[in-house]
Amino acid sequence: IICIDDSSFNQLLDIGLYCVLSNNFVSDKSFNKNDYKHNIWLRRIEILSHLINNENQDVILTDLDSLWINSPLNDISIHSASSSIVSSRAWWPHELWSVWGATLCMGFIYFKADEFSKYFVNKIYLTMSDNINNYRKVDDQITANEELYKNQIEWFDKPMSVGNNAIANIGSISYNNMSYSITLLPHYKYIRNCNNLTDYTNRNEKKSRFNDIVILHCKYNRKVTRNLVFTFFKNWTLSITQANKLIKELNQYNHNKNVDYKSKNQMELDKL
């Protein structure tokens, strides 16, 4: 576990968890002080690059709101045997989602410290750090997916989707005359779009469905998120206040399904 400041270090220590302070091995460069979110994204990619390139360490990157309902380690072990990167899936950036059907999600992703991942992560970091005032370039998920696109990744088993698909999708990419694989984990186990879970009305079917979930990383729909939190935590000793505090930390945006991204998507692709 990596902590980026003394406050997080001390808070984890208070509950019996130890972390390594990031200033032990990353630069203390100046960031855009008015953009905390992008600063965090840049800092975590810098840390990721150091661990993979300097420490030769495999890394799991997981967002704070990616709830580990079950252990993902078995799936990672299976897929990392043949893949450099094993990732959950999303639909951002939209222009690449419109081409591929799904994108890498940096909210839960595994990097194996092989030659491709070392190159790939370092490339992401350099692009982000050189464009600190460009909101698109300093978004690690945008930059990561754009790098895959520019390096002409070929996805198999298309069309892909961010839905209740039961298979993992594999992509192939070349680097230094070698072929490397990237895996997108099945969305029914690694969930980003929690709207899909409202499809299950039968109680037994819903219970069985929930038992499949490994990582719950809800993007949209506060009502669904609230119901899911209480479903998974109903056996925990949580007060309403504690539960509401947790729910508040989850993403509260609503998806505008009426947005037409077609022309905007093509404009962004033309820039790559």
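Two strands are taken to pair if DSSP finds at least two bridges between them. Helices (H or I, at least four residues) and strands (E, at least two) are DSSP runs, numbered from the N terminus. The structure is a predicted model, in which local features need pLDDT of at least 70 and side-chain atom pairs count only at pLDDT 80 or more, while totals for chains, interfaces and linings use all residues. Residues are numbered from 1 along each chain as its sequence is written, and side-chain values use heavy atoms, with hydrogens and water left out.

**The sheet**

Six strands make up an open sheet of mixed pairing, in the order β3-β6-β5-β9-β8-β7. Its edge strands, β3 and β7, each pair on one side only. Helix α5 packs on this sheet and touches β5, β6 (103-111), β8 and β9. The direction of α5 makes about 85 degrees with that of β8; axes are lines fitted to C-alpha atoms, for helices over the stretch in contact, and angles run from 0 to 180 degrees between N-to-C directions. Contact here means heavy atoms within 4.5 Å. Helix α6 lies across β5, β6, β7, β8 and β9, running at about 90 degrees to β6.

Strands of a sheet pair through backbone hydrogen bonds, either parallel or antiparallel. Strand β9 (residues 178-184) takes part in both kinds of pairing: with β5 it is parallel, over three bridges, and with β8 it is antiparallel, over seven bridges. I85 has I182 of β9 as its bridge partner, and N169 is bridged to L184 of β9. The hairpin of β8 and β9 has two residues between the strands, and N176 in this hairpin has a positive phi near 55 degrees.

**Backbone exceptions in the loops**

Most residues other than glycine have a negative phi, and most peptide bonds are trans.

| Site | Backbone value | Loop |
|---|---|---|
| W92 to P93 | cis, omega near 5 degrees | P93: between β5 (85-90) and α4 (94-100) |
| K158 to P159 | cis, omega near 5 degrees | P159: between β7 (154-155) and β8 (169-175) |
| N56 | positive phi of about 55 degrees | between α2 (36-53) and β3 (59-62) |

Burial is given by relative accessible area: buried means under 20%, exposed over 50%, and partly exposed in between (1.4 Å probe, protein chains only). N56 is partly exposed, with a relative accessible area of 48%. Q152 is exposed, at 67%.

**D139 and W92**

D139 is in the loop between α5 (115-129) and α6. Its relative accessible area is 8%, so D139 is buried. Not counting residues up to four places away in sequence, D139 touches W41, W92 and M128.
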